[in-house]
Every structure is written in structure tokens, then in C-alpha cells.
Amino acid sequence: MIEAVLCDLDGVLRVWDPHVTAEVERRYGVPEGTLAATAFAPELLQPALTGAVSDDEWRRTIAIALLPEHGIDVVADLVADWSESFGAVDRDVRTLLGEVRAAGVRVTIATNATTRLEADLAALGLTEEVDAVVSSARLGVAKPDPTFYFAAAKLADTEVDRCLLVDGTKVNVDVANAVGMHGYQYSEAPGLRAEFERLGVL
């Protein structure tokens with residue numbers, strides 16, 4: 001019996017429009033793809049996801065990495081403008097999670113994130129729509145490290161084998177299954193609804 005749904009944020013509940021970043025890059029004359037390639041390079045991103053550096057520090061390291069190629073007159077404003085977006089909520093997933101909560105199942109955001117996660121959730125209007133939030137930056141460990149999953153279950157106040165992890169990344173789902181959770185790889189809302197129904201969550 002599933003007592004808690006642990007839902008990833010990016011790629012499941014939150015979606016990003018790639019055109020927004022591309023427009024910022026065009027505005028400053030930076031080749032498309034530059035921001036993603038720099039910001040999400042493991043050597044910059046991983047410290048931010050594990051809380052070793054704050055979100056503000058991470059964004060400063062992005063600007064510093066871009067500085068030699070694009071100059072100080074560009075990079076500060078480029079990163080600042082890029083940082084203004086909080087993405088958008090997938091309305092279908094939001095509706096599904098609302099139905100899950102109404103059915104008496106706890107809903108927890110369990111995500112790899114920087115220290116800006118709480119501000120993002122507030123900006124997206126999600127703070128009051130979940131029962132708990134599990135952030136890798138606050139835990140100091142990120143998926144797919146098994147420690148993340150056990151900590152998430154504890155923070156969700158649920159036994160591991162009564163948790164359903166919903167995540168868009170296969171390795172994260174595989175590790176969830178390996179530690180005894182129910183793992184589901186998300187691709188679209190209708191499939192998630194069918195999985196909820198199959199498991200008796202809805």
C-alpha cells in the first residue's frame with residue numbers, strides 16, 4: 001500500500017521552456033546552449049545540488065566561467081536575466097497530485113535542487129500543495145545516492161516500501177526500486193494517472 005508519493009520537481013511537476021533561455025542568450029549575443037552547458041557542467045552543478053555552495057554562489061561561478069569568453073559587460077546581466085525565470089507548473093501533474101492528497105496519500109517534493117528550491121516553490125504557488133519538501137541541497141546528498149531515498153522516506157514520515165518515487169530519470173527510478181521503494185519513470189501525465197490507479201493511490 002502506497003502511503004506517500006515522492007515527486008521530482010524538474011521534468012515532472014515543473015517544466016522549463018527552452019525558448020526562454022535561448023532568448024536570453026540571443027539578447028546578449030551568446031551562442032545558444034552556452035548557459036546550459038556551463039551551468040549544468042558537473043563540476044559546477046554538483047556542489048550546488050549538495051549544498052556545498054549556495055544558489056547565489058553557484059550562479060556567480062557560472063558568470064565567472066563565462067567571463068573569459070564573453071566579458072564582464074555581458075556575463076553579469078546574462079546570468080541575472082537567466083536567473084529570473086522560475087519555470088512553470090505542469091497543470092495536469094498538479095491536478096493529479098491534488099487528487100492524491102485528497103485521497104489521503106501524502107505528497108512530498110523529493111528533488112535534486114539548489115538552496116533556491118524553497119523560493120522557487122513559493123513563486124510557483126506550490127508550498128501549500130505538498131506535505132513535505134526534500135531538497136538535496138539541504139540533505140547534503142543528491143539522487144541517485146541511496147542515502148537520499150532513505151532520508152526522503154523519513155522526512156515523508158513513511159516506510160520506504162510504502163513510498164512511490166516519481167522521477168523522469170531512469171537511474172533515479174532504478175535506485176528507488178533497489179532500496180525497496182516503488183519507482184515510476186515519468187514521461188506524461190496520463191501514464192502517471194494509470195500508475196496511480198494501478199497502485200491504488202487513486
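**Exercise 1. State the volume of the largest pocket, and describe its lining by residue, element and class.**

Step 1. In this predicted model, the largest pocket has a volume of about 880 Å³. A pocket here is an open set of points on a 1 Å grid over the protein atoms alone, where a 1.4 Å probe fits and protein lies on both sides within 12 Å along at least five of seven lines, and lining residues have an atom within 4 Å of a point. The volume is the space filled by probe spheres set on the points, which are joined across faces, edges and corners.

Step 2. The lining comprises 38 residues, and Asp 10, Arg 14, Trp 16, Phe 40 and Trp 58 are those that lie nearest the centre of the pocket.

Step 3. Elements that each supply at least two lining residues include β2 (14-15), α4 (55-70) and α7 (117-123), while α1 gives the largest share, 5 residues. Helices (H or I, at least four residues) and strands (E, at least two) are DSSP runs numbered from the N terminus.

Step 4. By class, the lining has 14 nonpolar, 12 polar and 12 charged residues, where Asp, Glu, Lys and Arg count as charged, Ala, Val, Leu, Ile, Met, Phe, Trp, Tyr, Cys and Pro as nonpolar, and the others, Gly among them, as polar.

A note on the conventions: residues are numbered from 1 along each chain as its sequence is written, and side-chain values use heavy atoms, with hydrogens and water left out. Because the model is predicted, local features need pLDDT of at least 70 and side-chain atom pairs count only at pLDDT 80 or more, whereas totals for chains, interfaces and linings use all residues.

**Exercise 2. Determine which strands pair with β4, and in which sense.**

Step 1. Strand β4 (residues 106-111) has 5 of its 6 residues buried, that is, under 20% relative accessible area with a 1.4 Å probe and protein chains only.

Step 2. Strand β1 (residues 4-7) pairs with β4 in the parallel sense over 4 bridges, pairing being assigned if DSSP finds at least two bridges between two strands. Within this pairing, Leu 6 stands opposite Thr 108.

Step 3. Strand β5 (residues 132-135) also pairs with β4 in the parallel sense, over 4 bridges, and Ser 135 is the bridge partner of Thr 111. From β4 the chain crosses through α7 to β5 in a right-handed β-α-β crossover, meaning that, with the strands pointing away from the viewer, the path from the first strand over the helix to the second runs clockwise.

Definitions and conventions:
Buried means under 20% relative accessible area, exposed over 50%, partly exposed in between (1.4 Å probe, protein chains only).
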